[in-house]
Amino acid sequence: MNPREPLRLHVPEPSGRPGRETDFSYLHTSPAGEVRRPPVDASPADTSDLAYGLVRVLDDEGRAVGPWAMEVDKEILRKGLRAMLKTRAYDARMLIAQRQKKISFYMQCLGEEAIAIAHALALEPGDMCFPTYRQQGLLLVRDDIPMVEMICQLMSNERDPLKGRQLPVMYSYKRAGFFTISGNLATQFIQAVGWGMASAIKGDTKIASAWIGDGATAEADFHTALTFAHVYRAPVILNVVNNQWAISTFQAIAGGEATTFAARGVGCGIASLRVDGNDFLAVYAASRWAAERARSNLGPTLIEWITYRGGPHSTSDDPSRYRPADDWSHFPLGDPVTRLKQHLISLGAWSEEEHVAAQKEFETQVGAALKEAERYGSLADGHMATAASMFEDVYKEMPEHLKRQRDQLLGEST
Amino acid sequence: MNARDEAQPATAASVTRRMTMIQALRSAMDVMLERDPNVVVFGQDVGYFGGVFRCTEGLQVKYGSSRVFDAPISEGGIVGCAIGMAAYGLRPVVEVQFADYFYPASDQIVSEAARLRYRSAGDFTAPLTIRMPCGGGIYGGQTHSQSPEALFTHVCGIRTVMPSNPYDAKGLLITCIENDDPVIFLEPKRIYNGPFDGYPDRPLVPWSAHPMGEVPEGYYTVPLEQAKVFRPGKDLTVITYGTMVYVSEAAANEAGIDAEIIDLRSLWPMDLPTVIESVKKTGRCVVVHEATKTSGFGAELVSLVQEHCFYHLEAPIERVAGWDTPYPHAQEWAYFPGPARVAAAMKRAMEN
Ligand SMILES: Cc1ncc(C[n+]2csc(CCOP(=O)(O)OP(=O)(O)O)c2C)c(N)n1
């Protein structure tokens, strides 16, 4: 018998750490325009190559190239760029508001704006998104969700639609097709599948869009969602936002080493795409493809969006302790805002001046919204939903034991 | 039936038929599938096959496979999916094959179904019913015998219900399906076919030969948060539910104690006034359940009785429960809190 080497446990490590640059070659990017665009009725097995390739439309010069470059109304692209700038301004101001202790907690989506925003523009009214805490773009792209109200949620003040019950950023907007955000990762992924199945059961034409991060794909609910979506051919888009990090944990620890998250979809019999998440046009085109599939009873699509978490995980996180400080500037897929801006300028549909003006406009808008929201109080000054309201909505009708507890609270506090 | 029950308008359809608990539960789902196009029924083996306990027999044929269907073996998936459907506007009635197997769905039940309404301030709700056969006495061993009700009664935002006879099973299940809160509906499988008094060697009296097996064919409801005085008495109060209602009855007869046996039916939120009224009358209380003792639902019941009836109590509150061990196979009858143990507790309560 051959003497064997002792077994060794493999624990994946990112190539980059503080003071050591990341080698992004692990990402396997393809040049823009290179990856094919199959018909929407492609069989899931027929998308295997797409699950390992990278759908990209915008090249380094900002030109839209290849089979995924579709005719998109310039107004949609301008709307998308403006929404990205709005989201970035919102995030930047809320980060400061947290530092100023006006809100207790915040999470930015810096660098990931294109994904939620272009995707939202590819959906139709009545569709339902099941987001994580990092898709605020789904709301900020809309004209019918008042920014003031969103900030009131962040402040848990008396105008907070969630009555101070939820952590900041855990919005809920049924009327905007934005499902109530949960602190428990991945739970919404399977719920989205159920929602899509319900739409199919009722013979409706609405579809669901599920959202999850790379880290949370390791949760059981990711697996159940893929299984159920496949089994029942649910009209759902399964979005995996691979921003490379789950707090301090590199995506390899979630199971991303030498494979892709899109490949999981193919393994479960789901048509799957791996897409440049910082390429607004690619996000829009891939989302439209998946939506068309779902709406035509052709079943689910899994899309892995390759992007990079530009900011800290949350206001409670310091990424300089686990990754290079300038990591984002080396990320090969760049910044979604810069890339769409370049494209629109090349089309003559945008300009440097308009860009600067839009940035100013949104800074002003966010500043004004914050000021107005502050008028309705904050956690700090106690202007919030009453303590007695804490007992409401646990059940539809308040049961006797909660009435007793509420009365006890009121009795003891007087 | 007690006075509170009789005050309830008789919504019962006039035609009645003898049904087992299984048939009554099936009938409830049949009625609701018929009445409400948003009701859907799914779970492992519930579709074509009609369920491992036959509770959904024939429903797929009658309503089609988009209303009644088989699910993958994934409890988290089944409940998670149902929550999404409920958020859409459906009224899912899902089955977990055995209560012992709800654990993979814990996160979806506790973190999601129970909290959807609260965390969204009513923006989204989860009107779903999760049926699960529970309880022992069937040589089910460790994973076909558990009574996990205390794991649910501890969760704010859900309702936990357990019927003890066919009439209640159907009426309560219809009420639960129509209720807009998420409900855990526990079905004691030992009494699916007939009441069980804790004597495994005695012949089973089938529900077909039992007055409580008389069930209306059509739509009727049994209200939530209303206990039933199963057996009126004046010596002591037994608070119990499910199979233990019959075990307690047998124990009272053997001990010659005129026990008032309360079948809670709704475990939480519960009918506290009926319990308080009874204990204040009798001055003695025995709490009985199959589930393990420590931190079991009985602890909550003891605590409530102590809190509300302290000056009426003439003896310490007794608690008879499963031992604090996993449910054994061979030692089933030493584990199961049978009539002898319940009678002993009743006698202790009477001694003081
Ligand atoms: C079930 C559960 N476990 C742990 C956490 C704590 N947690 C919050 S966010 C997070 C990282 C998630 O990373 P990823 O899915 O990649 O999404 P990203 O934050 O990068 O958008 C963790 C571990 C949680 N919220 N829920």
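A polar contact here means a pair of N or O atoms within 3.5 Å; within protein, one must be able to donate a hydrogen and the other to accept it, and residues adjacent in sequence count only if both atoms are side-chain atoms. With that in hand, look at Trp245(A): one of its polar backbone atoms sits 2.7 Å from an oxygen atom of the ligand. This is a predicted model, where local features need pLDDT of at least 70 and side-chain atom pairs count only at pLDDT 80 or more, while totals for chains, interfaces and linings use all residues. Residues are numbered from 1 along each chain as its sequence is written, and side-chain values use heavy atoms, leaving out hydrogens and water.

**Around the ligand**

- The ligand has 15 residues around it, and the closest are Tyr133(A), Arg134(A), Gly183(A), Gly215(A) and Trp245(A); a residue counts as near if one of its heavy atoms lies within 4 Å.
- Sorted by type, that shell has six nonpolar, six polar and three charged residues. Ala, Val, Leu, Ile, Met, Phe, Trp, Tyr, Cys and Pro count as nonpolar, Asp, Glu, Lys and Arg as charged, and the others, Gly among them, as polar.
- On its own the ligand has 590 Å² of accessible area, and the protein covers 72% of that (Shrake-Rupley method, 1.4 Å probe).

**Aromatic pairs**

- Over all chains, there are 32 aromatic pairs: rings of Phe, Tyr and Trp (its six-membered ring) with centres within 6.5 Å, stacked if the planes are under 30 degrees apart, edge-to-face if over 60 and tilted for the rest.
- Tyr241(B) and Phe297(B) form a tilted pair, because their ring centres are 6.2 Å apart and their planes meet at 55°.
- Helices (H or I, at least four residues) and strands (E, at least two) are DSSP runs, numbered from the N terminus.

- From Trp268(B) to Pro269(B) the peptide bond is cis, with omega near -10°. Pro269(B) belongs to the loop between strand 12 and helix 10 of chain B.
- Val169(A) is not a glycine, yet has a positive phi of about 80°.

Note on methods: Chains are lettered from A and ligands numbered from 1 in the order in which they are written.
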